[in-house]
Amino acid sequence: MDNKVSLKHRFLSLPTLISFAIAIIILLVLATNFDIDWEITVDNIRSCNPLFYASALLSYYLGFLLRGLRWQTMLKNSQSSSDAIASVPSFLDCSRYIFLGWFINAITWFRLGDAYRAYLFTEDTGYSFPRAIGTILAERILDVIMIFILLVLASITFYGSANAGGASLFLGIGLILVLIGLSTILMMKKFGTNIGNLLPSKLRSPYARFQQGATDSFGHVPFLLIISLLIWFTEVGRLFFAIQALGMSDDITLSLILFVTLANAILTTVPITPGGLGIVESGITGLLTLSLTHSEAISVTLLDRSISYLSIIILGG
């Protein structure tokens, strides 16, 4: 237990403080360069409908349960006799590991929470750390594929409009991430043994387990795709209910809500700041101004991030 606590403390190091400073600078730029009436913004947030806000919270945290179920399935897919554990933890336990990983992501850069999740899981279960990291990589690739598919659907409504440029940017980023992810898995699947032979002898066994965790996780693909789709519906639901809570649903289309949610997911992967702090807010606000005023857009952004970022910090801490 002491080792886990000390590991958390190491994460709160100078680089993390620097990344928070970068985030604050970005937020200050956002606050000073957008034409925002802060009095209206505060009034909007004060008038928030608590029932819809609670629905947004519920939708968001339902996603952690679905992520836990998906990761549990991928862990079972990647089990092998060489490092199998008696039983994979319940999906509730897997959800807890994921949530703690997201908490670390929210306070550090370079998505160190993914490694921390694998570390906690292996400490508690005796599971292979490289194999656990492999399953998390597979999980990320599955998310990227689903994000890209949904981005294509959302972007169809932007085709030929003045907003097409922004849609094309995120589509291009999504496509690049999909190609990198699929190429990585295919190369490991086809040339994994050859790649392992090029490594020093001490690294061959860990690499083999990492490769197996990444490639063997993709069993029961239809089930994984359905769960992944439901996960992103919960993310869309969070933003949808946040907009409903502020009474702005008549001013924004469902396709834009879908697009903003997925663009948010892409921006969150930028490892410069903890949890995309500063970068995500700028991106969401900019996209929402396609249909809302600056003050309305920042109101939605702040309410949404109070769930997707602030609540993680509070509950995770």
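**Basis.** The model is predicted, so I took local features only at pLDDT of at least 70 and side-chain atom pairs only at pLDDT 80 or more, while totals for chains, interfaces and linings use all residues. Residues are numbered from 1 along each chain as its sequence is written, and side-chain values use heavy atoms, without hydrogens and water.

**α6 and α7.** I looked up helix α6 (residues 112–125) against helix α7 (residues 129–155). Helices here are DSSP runs of H or I, at least four residues, numbered from the N terminus. The two axes come within 9 Å and cross at roughly 135 degrees. That makes α6 oblique to α7 (under 35 degrees is roughly parallel, over 145 roughly antiparallel, 65 to 115 roughly perpendicular, the rest oblique). I then listed the contact (heavy atoms within 4.5 Å). From α6 come D114, A115, R117, A118, Y119, F121 and T122. From α7 come F129, A132, I133, I136, E139 and R140.

**Cores.** I searched for nonpolar cores, meaning buried Ala, Val, Leu, Ile, Met, Phe, Trp, Tyr and Cys residues joined through side-chain atoms within 4.5 Å. Buried is under 20% relative accessible area with a 1.4 Å probe, protein chains only. The largest core has 36 residues, and L288 and V300 have the most contacts inside it. Its largest share, 10 residues, comes from α11. I checked L288 next: leaving out residues up to four places away in sequence, L288 touches I252, V260, A297, V300 and T301. Another core, of 29 residues, lies apart, and its members include Y61, I104, A118 and Y119.

Key. Axes fitted to C-alpha atoms, helices over the stretch in contact; angles between N-to-C directions. Helix = DSSP H or I, 4+ residues; strand = E, 2+ residues; numbered from the N terminus. Buried < 20%, exposed > 50% of the residue type's maximum accessible area, 1.4 Å probe, protein only.
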